[in-house]
Amino acid sequence: MPIDPANSRLGALCTRAPGIVASLITLFEQTWNAAVPLGADRPRPSDTQPTAAELELLRLLASGMTDEAAAKRLGVSLRTVRRQMAALMERLHATSRFEAGLKAAQQDWL
């Protein structure tokens, strides 16, 4: 890895540390899975786009609000917030809320 990506003449870091290597492999695999060919548009079927309410929920949660605070701000029940988040996670094929946030950002929802 270059020490300074903007100036490769400064040298590189060579590591075999399992934690660093595992993190880099995970980063590569996530990037590879989200990649599209150069010049290609990312497919965006209209039926998978979030509603305005879902986008607002994502923005509130991304800003650090709890489910309870987001429900109060949106004027809905806590159960509704959790149901909407579960539906978004299913649509994004995410197994955690963190992964859902990453995928929502990758699809320019955030």
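Author: Start with a definition: buried means under 20% relative accessible area, exposed means over 50%, and partly exposed lies in between. Keep in mind that this is a predicted model.

Now take Arg 91. Its place is in helix H4. Its relative accessible area is 27%, so Arg 91 is partly exposed.

What does Arg 91 touch, leaving out residues up to four places away in sequence? The contacts are Thr 48, Gln 49, Pro 50, Glu 54 and Trp 109. Look at Gln 49. Arg 91 and Gln 49 are 42 residues apart in sequence. In space, their C-alpha atoms are 9.2 Å apart.

Next, look at Glu 54. Side chains of opposite charge can pair when their charged atoms come close. Arg 91 and Glu 54 form a salt bridge, with 3.0 Å between the closest N and O atoms. This pair links distant parts of the chain: Arg 91 is in helix H4, Glu 54 is in helix H2 (residues 52-62), and 37 residues separate them. Is each partner buried or exposed, or something in between? Arg 91 counts as partly exposed because its relative accessibility is 27%. Glu 54 has 8%, so Glu 54 counts as buried.

Stay with H2 for a moment. Glu 56 and Arg 59 also meet in a salt bridge, at 3.5 Å from N to O. Both lie in helix H2, 3 residues apart, or about one turn of the helix. Glu 56 is partly exposed at 31%. Arg 59 is partly exposed too, at 43%.

Back to H4. Arg 82 forms a salt bridge with Asp 67, and the closest N and O atoms are 3.2 Å apart. Here, too, distant parts of the chain are linked: Arg 82 sits in helix H4, Asp 67 in helix H3 (residues 67-74), 15 residues apart. Arg 82 has 43% relative accessibility, so Arg 82 counts as partly exposed. Asp 67 has 10%, so Asp 67 is buried. Salt bridges with shared partners join Asp 67, Glu 68, Arg 82 and Arg 97 into one network. The whole structure has 6 salt bridges.

Last, see how H4 packs. Helix H4 (residues 78-92) meets helix H5 (residues 97-106) at an angle of about 65°, and their axes are 10 Å apart. The crossing is left-handed. From H4, Met 85, Met 89 and Leu 92 take part in the contact. From H5 come Arg 97, Ala 100, Lys 103 and Ala 104.

Notes:
Residues numbered from 1 in each chain as written. Predicted model: local features only at pLDDT ≥ 70, side-chain atom pairs only at ≥ 80, totals over all residues. Heavy atoms only, no water. Axes fitted to C-alpha atoms, helices over the stretch in contact; angles between N-to-C directions. Helix = DSSP H or I, 4+ residues; strand = E, 2+ residues; numbered from the N terminus. Left-handed = near helix turned anticlockwise from the far one by under 90°. Contact = heavy atoms within 4.5 Å. Buried < 20%, exposed > 50% of the residue type's maximum accessible area, 1.4 Å probe, protein only. Salt bridge = Lys/Arg side-chain N within 4 Å of Asp/Glu carboxyl O.
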